[in-house]
Amino acid sequence: MKRSLFLPFAVLLVLTLSGSTISVADEGMWTFDNPPLSKLRDKYGFSPSQQWLDHVRLSSIRFNDGGSGSFVSPNGLAITNHHVAFGQLQKLSTAQRDYVRDGFYARTQGEELKCTDLELNVLVSLENVTARVQGTVKPGMTEKQALDARRAEQAKIQKESLDATGFRSDVVSLYHGGEYWLYRYKKYTDIRLVFAPEQQTAFFGGDPDNFTYPRFDLDFAILRAYENGRPAVTKDYLRWNAKGAADGELVFVSGHPGGTDRGLTVAQLEVEHDAIYPINLTRYKRELEALREYASRGQEQKRQAADTIFGLENTVKAFTGEYNGMDKNLFEKKRKEEAELRARVAANAQWQKDYGDAWDAIETASKKQGDLYKQQVNRSISTMSGMARFARQIVVYATEIKTPDAQRIDGYHDSQTDELKFYLLSPAPLYPEFEEALLKESLQQSLDVLGPNDPWIKTVLNGRKPADVAAEVIRGTKMADPAFRKSLVDGGEAAVNASNDPLVVLARKVDPFFRESRKNMEDQVESIVTSASEKIAKARFAAYGKSAYPDATFTLRLTYGTVQGYPMNGTKAPPHTTFYGLYDRSFSFDNKPPFNLMPRFLERKDKIDLATPLNFVASLDIIGGNSGSPVINRNGEFVGIIFDGNIESLTGNFEYLEETNRAVAVHSAAIIEVLRKVYDAGTLADELIGR
C-alpha cells in the first residue's frame with residue numbers, strides 16, 4: 001500500500017494543513033501526546049501506561065523514503081516491508097546481481113550491505129510550540145505576511161533545537177494549524193541490508209491481488225542500523241511474539257501514515273474531486289504507460305524501471321479507489337458535518353465573529369487552486385527524472401543558501417540542509433537511458449497540456465521536440481556523477497551560474513517559472529487557506545474539545561482495533577490466512593505469474609507447517625505511509641507487520657468505515673517459519689525471537 005508520499009505541492013498543502021476528525025468506533029490516527037486512553041479503557045478495559053507509550057514510540061521507526069518500521073532487537077535490527085525497502089534493494093542491485101528479483105541474506109554482519117541513501121528517524125521528544133508560532137501573527141497583517149511570519153518562526157525553532165540537541169527537528173502543523181509541535185528525531189544514516197525475500201514472494205499475486213484480501217504475501221525486509229561503524233545499541237525494541245494475535249484480540253499499530261483528507265472542508269473536497277485527482281491520475285497513467293514501454297526494451301531496462309513501475313501501479317490503483325470513494329454519500333456526510341459545526345459557530349456571537357468567515361474564504365481560494373495546480377505540475381522538469389530533480393534542487397539551493405534562513409523556501413532551511421545534501425550527494429546509480437525516457441515523457445505531457453505557446457514550453461523546447469531536448473540534456477549532463485553534484489553544491493551560486501552543463505542550464509532557465517508558480521500558489525491559495533483553516537481548527541476545539549485526532553502528516557501515530565474478518569462478496573473474509581492457502585492459490589492458477597511460487601517454496605513445501613498463519617486482518621485505521629508499521633499486542637510485543645489495506649479501505653483517505661475497512665498484515669509466525677525452513681536463516685530468526 002505504497003501510496004506515493006512524494007506528492008506535488010497542492011496535495012502536500014493538504015497534509016501541511018491537516019485537519020481534525022471526530023472519532024467513532026475504533027477510528028483514529030492518534031498523536032502520542034493525546035492517546036485515546038478513555039476510549040481504550042471504556043471499550044477494552046486496557047489503558048496503556050506512559051511507560052508503554054514511550055517504549056512503543058522509541059521502538060518505532062520512520063523510513064524517510066516513505067514508510068514505517070520498528071526495531072526488533074537490541075542490536076539495531078529493524079523490520080519493514082519489502083516494498084518499503086524496494087528502492088534501496090534496487091539501488092544496491094546491478095545488471096549482474098538483482099536483489100529485487102533474487103532476494104538477499106547476509107549470514108554474518110560482515111556481509112550486510114550498506115544502503116546508499118536511507119535515513120531512519122526515531123521520535124525522541126515532542127514539544128508544543130503553538131504559542132510561539134501563532135504568536136508571530138499580529139493584528140493588521142495580510143494573510144501572506146502571516147504565512148511568512150509563521151514560517152520564519154518555525155525555521156527559527158527548528159534551528160534552535162538542532163543546535164541545542166543535535167536531533168533532527170521538525171515543526172509539525174496539526175489540526176489545520178490549530179496546533180504546532182516540535183518533533184525531535186534521532187537520525188540513523190548508516191543502514192545495512194540484512195535480509196529480503198524475492199519480490200515475487202513478497203508481492204505474491206502481483207497487482208491483481210494488491211489492495212485485496214485474502215492475501216498470501218511475505219512482504220517484509222530486515223535491515224540493521226549502525227552507529228560509528230558498529231550495530232546501533234537500541235535499548236527500546238519490540239520483543240517478538242511468534243504466536244501472534246488471536247481472532248478478536250486487541251492490537252495496535254504505531255506508524256507514520258502519510259496523509260489523509262478527512263478534515264477538509266466541502267469546498268476543498270470539491271477541488272480535489274474536480275481538479276487535483278483527475279490531473280494526477282491522468283499524469284500517473286501516462287507515466288506508467290511510458291515506463292512499461294521502456295521496460296519492454298530489454299531485461300536490464302525492465303530491472304531499472306521496476307521500482308518506479310511498482311510504485312505507479314500502486315498509486316494508480318490507490319488514487320482510483322480514493323477518487324471513486326468521493327461519491328454522493330461521502331459529500332452528503334461531509335456537508336452534514338460541516339453544517340453542524342457552522343451552526344454551532346453561528347449560535348455563538350463571539351465564535352461567529354472570530355471564525356464565521358473561514359469557510360467562505362477557503363471556498364474562494366479553492367476555486368483558484370485547480371488552475372494554479374495544473375500549471376504548477378506541468379511547468380516542471382522534475383516530475384519524473386531524478387537527474388532533472390537533482391539539477392533543479394541544486395539551482396534552488398544555490399540561491400536559497402545565501403538568503404536569510406527565515407525567508408528561504410521550506411526544505412532549504414539551515415535545519416534541513418544536512419538532509420538535503422544527504423540525498424543530493426547520494427551514490428545511488430542513475431541510468432541515462434532511463435532518465436532520458438523519463439524526461440521525454442514529462443516534457444511531452446507538459447507540451448500536450450500547456451500547448452506550444454505557453455511561455456514555459458517556449459523556454460524549454462524552443463520549437464524542438466521533447467525527445468530531442470531530453471536527449472540533448474541527458475546525454476550531455478554529468479548529473480549522474482555525485483562528485484559533479486558536490487562541486488556545484490560546494491561552489492554555490494558562482495559554480496551553478498558558471499556551469500555550462502546542459503541540464504544545469506535548463507534548470508536555471510526554468511527557475512523563475514518555479515518561483516512564480518510557487519508565489520502564485522502561496523498568495524492566492526496557501527496563505528488564505530492557512531489562516532482560515534486555523535480559524536476552523538479553533539472553532540472545532542471550542543465546540544468539541546480535543547476529542548478529535550488530526551489528519552495524518554507522515555508523523556508518528558497510534559491506532560487500535562481488533563483482529564477480525566469482515567463481510568465480503570456475499571460471504572465472510574477470514575481473520576487470517578495460512579500457507580495452505582498460499583499453495584492453493586498458486587496451484588489454482590497453475591503456478592503461473594503473478595501467482596507463481598519461487599522454486600524454494602516448491603522444493604521445501606513438505607518442511608513448512610502449512611497451518612501456520614500467513615497474513616491477517618484487523619480493524620486498524622491506516623493509510624499509505626503505514627507500510628512496515630508493527631502490529632503490537634497489549635504487552636507491547638511484535639505480532640505482525642502492516643503491508644496493505646483491503647479494497648474497502650481505499651476510502652480511508654476521507655473516512656473510516658469499521659465494518660469493512662481492514663488493515664492487512666504479515667503474521668509474526670510466518671516470518672519465523674520461512675526464515676528457518678525456507679531460507680536457512682535460523683541465526684536471524686534466533687536474533688528476532690531473542691535467543
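Visitor: In which loop is P214 found?
Guide: Happy to start there, with the note that this is a predicted model. P214 is joined to Y213 by a cis peptide bond, with omega about 5 degrees. As for its place, P214 is in the loop between α9 (206-209) and β11 (221-227).

Visitor: What is the phi of F211, and is F211 buried or exposed?
Guide: F211 also lies in the loop between α9 and β11. Its phi is positive, near 60 degrees, and F211 is not a glycine. Most residues other than glycine have a negative phi. The relative accessible area of F211 is 3%, and the cut-off for buried is under 20%, so F211 is buried.

Visitor: Is N228 buried or exposed?
Guide: N228 sits in the loop between β11 and β12 (230-231). Although N228 is not a glycine, its phi is positive at about 55 degrees. Its relative accessible area is 81%, and exposed means over 50%, so N228 is exposed.

Visitor: Which ring does the charged end of R192 sit over?
Guide: R192 belongs to strand β10 (residues 190-196), and at 18% relative accessibility R192 counts as buried. Its side chain makes a polar contact of 2.9 Å with the side chain of D190. Leaving out residues up to four places away in sequence, R192 touches residues including E112, K114, L223 and Y226. The charged end lies 3.7 Å from a ring centre, and that ring belongs to Y226.

Visitor: Which ring face does R392 lie over?
Guide: Here is another arginine placed over an aromatic ring. The distance from R392 to the ring centre is 5.0 Å, and the ring is that of F514.

Visitor: Why is the pair of Y277 and F319 called tilted?
Guide: A search of the whole structure finds 26 aromatic pairs. In the pair of Y277 and F319, the ring centres are 5.3 Å apart and the planes meet at 40 degrees. Planes under 30 degrees apart would count as stacked and those over 60 as edge-to-face, so at 40 degrees the pair is tilted.

Visitor: How many residues apart in sequence are the parts that this pair ties together?
Guide: Y277 lies in helix α10 (residues 266-295), while F319 lies in helix α11 (residues 299-325). Y277 is buried at 2% relative accessible area, and F319 counts as buried at 1%. The pair ties together parts whose separation in sequence is 42 residues.

Visitor: Which residues touch the most other members of the largest nonpolar core?
Guide: This core has 70 residues, and helix α24 (residues 668-677) gives the most to it, with 5 residues. A second, separate core of 36 residues includes I381, I457, L503 and F513. In the largest core, the residues that touch the most other members are F579 and F601.

Visitor: Which aromatic cluster includes F601?
Guide: F601 is among the contacts of F579, as are L218, A670 and V674. F601 is also part of one aromatic cluster, formed by Y105, F195, F220, F601 and Y679.

Visitor: Which residue caps the N-terminal end of α22?
Guide: The buried residues of helix α22 (residues 579-588) are F579, G581, L582, Y583 and S586. What covers them includes β18 (576-578), α23, β19 and α24. After the helix comes D590, with a positive phi near 55 degrees. At the N-terminal end, a side-chain oxygen lies 3.2 Å from the backbone nitrogen of Y580, and the capping residue is T578.

Visitor: What is omega for the peptide bond from P593 to P594?
Guide: P594 lies in the loop between α22 and α23. Most peptide bonds are trans. The bond from P593 to P594 is cis, with omega near 0 degrees.

Technical notes:
Residues numbered from 1 in each chain as written. Predicted model: local features only at pLDDT ≥ 70, side-chain atom pairs only at ≥ 80, totals over all residues. Heavy atoms only, no water. Helix = DSSP H or I, 4+ residues; strand = E, 2+ residues; numbered from the N terminus. Buried < 20%, exposed > 50% of the residue type's maximum accessible area, 1.4 Å probe, protein only. Polar contact = N/O pair within 3.5 Å; in protein donor to acceptor, adjacent residues only side chain to side chain. Contact = heavy atoms within 4.5 Å. Phe/Tyr/Trp six-rings, centres within 6.5 Å; stacked < 30°, edge-to-face > 60°. Lys NZ or Arg CZ within 6 Å of the ring centre and 35° of its normal. Core = buried A, V, L, I, M, F, W, Y, C linked by side-chain atoms within 4.5 Å.
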